[in-house]
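Hi everyone, thanks for coming. I'd like to walk you through one model today, starting with its ligands.

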Amino acid sequence: MSEKLIPPLLLIGCGKMGGAMLEGWLERGVEQVVVVEPYAPATEAFAGRVTVCDSIEAVPAGFAPAVVILATKPQQAEAALPGCKRFATAGALMVSIMAGKTVDGITAALGGDARVVRAMPNTPAAVRQGFTCCFAGPGVSEAEKGLADSLLSSVGEVAWVEEEGLIDAVTAVSGGGPAYVFLLAEVLEQAAVSQGLPPDLARRMARRTVSGSGALLAASELDAAQLRINVTSPKGTTERALNVLMAPDAWPKLMQEAIAAATARSRELAG
Ligand SMILES: NC(=O)C1=CN([C@@H]2O[C@H](COP(=O)(O)OP(=O)(O)OC[C@H]3O[C@@H](n4cnc5c(N)ncnc54)[C@H](OP(=O)(O)O)[C@@H]3O)[C@@H](O)[C@H]2O)C=CC1
Ligand SMILES: O=C(O)[C@@H]1CCC=N1
């Protein structure tokens with residue numbers, strides 16, 4: 001059975017994250033998309049597939065999006081939001097993916113009566129393998145929550161939280177999470193080269209090891225810990241490596257510190 005098309009969307013900011021989601025939505029099938037993006041190279045990959053405007057004023061008169069996705073940098077919100085008021089007033093659901101920016105702040109900038117969902121996606125949305133965690137602001141109806149859920153589910157898994165403050169930790173964990181995984185691929189490749197492996201082979205094996213492990217994790221019902229144990233032969237080679245990585249001051253502690261730092265930064269960005 002074919003899936004229903006996604007209703008008309010207005011995307012404000014088509015950078016790394018907006019572009020990743022757009023790629024997923026286009027693959028899934030969307031009625032119409034208008035993109036507002038002043039930086040022309042950002043939309044080159046979408047030429048002929050969406051309507052691109054270099055400013056909010058250039059959006060075709062009469063275009064009535066069901067959802068407006070606010071995807072500029074948080075620092076650009078103040079300049080971008082006033083132009084979006086008219087769509088909020090006309091009844092569009094506003095979905096912000098901006099780190100740190102609170103529902104109250106966004107609603108105030110949109111004129112007070114906007115219905116805002118704050119969402120935190122991640123870039124695997126480009127291949128419809130994303131994870132988005134959402135918070136529904138005041139006045140968002142069940143039907144609108146359903147609309148946001150179906151839009152975001154079309155590019156991956158979706159979860160909702162009842163407490164807005166949790167989105168700061170979500171931003172640190174799953175919003176930024178792909179960067180930590182890609183860093184793992186980078187440092188694994190570097191370590192492979194340092195053991196004498198040819199650079200091309202090191203790159204291939206690091207990429208495939210990370211992506212293959214992700215695919216196994218996705219396909220398996222086992223905990224990550226059990227999948228790790230399954231690799232770790234008693235008194236074998238992996239055990240020696242994990243003794244280094246899992247030492248009290250190593251990965252577990254560093255990850256706690258990294259996530260705490262990112263969560264704190266998300267809170268700072270609210271201002
Ligand atoms: N990157 C990620 O993995 C994730 C990002 N996010 C959030 O998504 C948002 C976008 O991040 P990211 O895609 O990385 O950032 P980018 O800088 O790549 O994208 C933002 C884009 O918006 C453009 N822009 C600036 N002003 C306006 C305007 N007034 N109207 C329309 N577009 C405008 C920017 O142009 P220019 O470059 O010329 O300023 C830029 O191309 C951020 O708020 C971030 O917190 C959330 C989850 C994950
Ligand atoms: O780094 C950032 O601020 C954004 C939010 C989560 C991922 N990228």
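**Ligands first, then the fold**

Let's begin with ligand 2: around it sit Ala99, Thr171, Gly175 and Gly176, where a residue counts as near a molecule if its C-beta atom, placed from the backbone, lies within 6 Å of it. By class, that shell has three polar residues, one nonpolar and no charged. Here Ala, Val, Leu, Ile, Met, Phe, Trp, Tyr, Cys and Pro are nonpolar, Asp, Glu, Lys and Arg are charged, and the others, Gly among them, are polar.

Two housekeeping points. This is a predicted model, with local features needing pLDDT of at least 70 and side-chain atom pairs pLDDT 80 or more, while totals for chains, interfaces and linings use all residues. Residues are numbered from 1 along each chain as its sequence is written, with chains lettered from A and ligands numbered from 1 in written order.

Now, which residues come nearest to ligand 1? Out of 26 around it, they are Gly13, Gly15, Tyr39, Met98 and Ala99. Helix H1 (16-28) and helix H2 (77-80) are the elements giving two or more residues to this shell, and H1 gives the most, with three. Helices are DSSP runs of H or I with at least four residues, strands are E runs of at least two, and numbering starts at the N terminus. The ligand 1 shell splits into 15 nonpolar, eight polar and three charged residues.

Stepping back, the chain has 11 helices and eight strands, and its C-alpha trace spans about 65 × 40 × 40 Å along the principal axes.
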